[in-house]
Amino acid sequence: MKRLNIIKGMAALILPCLFSCTDSTSVLVSDNQQQWGDDVTNFTLTGQVNTDCAAIAALWFHSNKPGEGYEVRFHNGPIDGTQKTGSLTDVRNLYRSLAADSTWADFEISVRQKNIEVKINKTTVVSYTEPNKPWRDENHSRQQLSHGKFRFIGYAGRTTFRNLKLTPLPDNAVNPNDTLPPVDEQQDRIIRLQQQAFPVIDYHVHLKGGLTKEQAHAMSMNYGINYGVAPNLGEGGVGRMLANDQEAIEYHNEVKDMPFLMGAQGEGRRWILQFTDKAISRFDYLFTDAMTIVDNGKICRIYHPEEVHMRGRTQQQYMDLIVDQIVKILTNEPVDIYANATYIPEDWMPQYNQLWTPERIDRVLDVMQQYDIAMEISPRYHIPSFDIIRRAKARGLKFTFGTNNVDADFGRCEYAIQAIDSCNLTPSDIWFPSMSRRAERTQSD
């Protein structure tokens, strides 16, 4: 078998041909890089890849010189903020891999005019159409489509490629699944965050209001925002509801091969009694909110004005009830993320800063800090306030972005991006499922 052999830490490429590779072709990369293939413009490259544990490798195309063209990253493992297998690096970064270490995974990379498509195990994970005026910072100025050869690079560990097959495509080749218009990158903030390696993930997307998993998949690839698609566990919510372990397992099997982060939202206040740890541990993360509270023994959804009964209490007294419930929920429900954080009834929002006193904020931040719970920044509700976000950051709390959409038209995390700027958030402030501590939690009364 022909392969790229490692000799004293260096790599030597031995391939039988440059343009059309046989099934016996194998490339093993470690800590060096080698150019390979003929000069092509439109093409499809298929093959298989096998990464050792913690290995990181890349396959560049349209790359006649180092740093020229586009890079497809190969790296598996936990969802920890590193760019995962299939990422079109720094243009469409992915944070969950559909491949696994020490296992052969199929890959396919295609360029058809301005469209770049990447498939992992037959699932499209990237479909990026380069606009006429792509935005690139100084470090990525040569990251554009043109023509050229391929380049294998090993960054860490050992990765093997095999069964490589390169098929040139005609100049007029098109991707029939490329149906969405390219993003105007001159006005787009997401591409800037991608090139800063700032993780752009919407952890709180629901399949409801006409949004299908296929549509969410297409939108995610087009916008460059990773989606965490979550059903509701329990009762009382809107959208995809799961009632027991069996339904949770069936849902997980339905979406596990989609390039989404897989979350689940605890709904109502009885959900922790309806599911076993074994069933919900299949999900990448769990979250809940305090939009449903218990008032005098009855469930109250504070996002429904008709269910907010003052019963002679002042607004300040009811606010104390909300905070008490938040603390109880975050203490007793094993979640990773506090979603819709600091939500209060909609008609109270003009008094938000007065109702969220420093003492109340501290009570909530205390319990979040105690249980390592991340704070969701909500583009839908524009909460928490930037002041609360800054206070949470000062304590070392982590953040997620979460839209909590009602339909298929839910924007591009605009408020979260404002928070990045206004609160000086950095990639180290973002939470990832690898940080989960819920399995270690001990519940209090």
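1. About 100 Å³ of space lies in the largest cavity. A cavity here is a set of points on a 1 Å grid over the protein atoms alone where a 1.4 Å probe fits but cannot get out, and lining residues have an atom within 4 Å of a point. Grid points are joined across faces, edges and corners, and the volume is the space filled by probe spheres set on the points. The lining counts 13 residues, of which Leu94, Val125, Ser220, Met221 and Asn226 are the closest to the centre. Over the whole structure, the search finds 5 cavities of 30 Å³ or more.

2. On provenance: this is a predicted model, in which local features need pLDDT of at least 70 and side-chain atom pairs count only at pLDDT 80 or more, while totals for chains, interfaces and linings use all residues. Residues are numbered from 1 along each chain as its sequence is written, and side-chain values use heavy atoms, with hydrogens and water left out.

3. Which elements each supply at least two residues of the lining of the largest cavity? They are strand S10 (123-129) and helix H2 (213-223); helices (H or I, at least four residues) and strands (E, at least two) are DSSP runs, numbered from the N terminus. H2 gives the most, with 3 residues. By type, the lining of the largest cavity divides into 6 nonpolar, 6 polar and 1 charged. In this division Ala, Val, Leu, Ile, Met, Phe, Trp, Tyr, Cys and Pro count as nonpolar, Asp, Glu, Lys and Arg as charged, and the others, Gly among them, as polar.

4. The largest pocket has a volume of about 340 Å³. A pocket is an open set of points with protein on both sides within 12 Å along at least five of seven lines. Its lining has 21 residues, and Lys208, Val238, Tyr303, Arg380 and Asn404 lie nearest the centre. The lining of the largest pocket divides into 6 nonpolar, 9 polar and 6 charged residues.

5. An open sheet is formed by 4 strands in the order S4-S11-S6-S7, with antiparallel pairing; two strands pair if DSSP finds at least two bridges between them. Strand S4 (33-40) and strand S7 (70-74) are the edge strands, each pairing on one side only. On average, neighbouring strands of this sheet are turned by 20° against each other, direction ignored. The axes are lines fitted to C-alpha atoms.

6. S4 is joined to strand S11 (residues 148-156) by 5 bridges, and the two run antiparallel. Within S11, arginine 151 is the residue opposite glutamine 35.

7. The structure holds 20 aromatic pairs. Rings of Phe, Tyr and Trp (its six-membered ring) pair if their centres lie within 6.5 Å; planes under 30 degrees apart count as stacked, over 60 as edge-to-face and the rest as tilted. The tryptophan 36 and phenylalanine 150 pair is tilted because the planes stand at 55°, with the ring centres 5.5 Å apart. This pair links distant parts of the chain, from strand S4 to strand S11, 114 residues apart. Tryptophan 36 is buried at 2% relative accessibility, and phenylalanine 150 is buried at 1%.

8. Phenylalanine 43 and phenylalanine 61 form an edge-to-face pair, 5.6 Å centre to centre with 70° between the planes. Phenylalanine 43 belongs to strand S5 (residues 43-51) and phenylalanine 61 to strand S6 (residues 56-61), 18 residues apart. Phenylalanine 43 is buried, with a relative accessible area of 0%, and phenylalanine 61 is buried with 0%. One aromatic cluster includes Trp36, Phe43, Phe61, Tyr70, Phe74 and Phe150.

9. Two further residues. Lysine 298, in strand S20 (residues 298-301), is exposed at 55% relative accessibility. Arginine 192, in helix H1 (residues 190-195), counts as buried at 18%.

Methods. Axes fitted to C-alpha atoms, helices over the stretch in contact; angles between N-to-C directions. Buried < 20%, exposed > 50% of the residue type's maximum accessible area, 1.4 Å probe, protein only.
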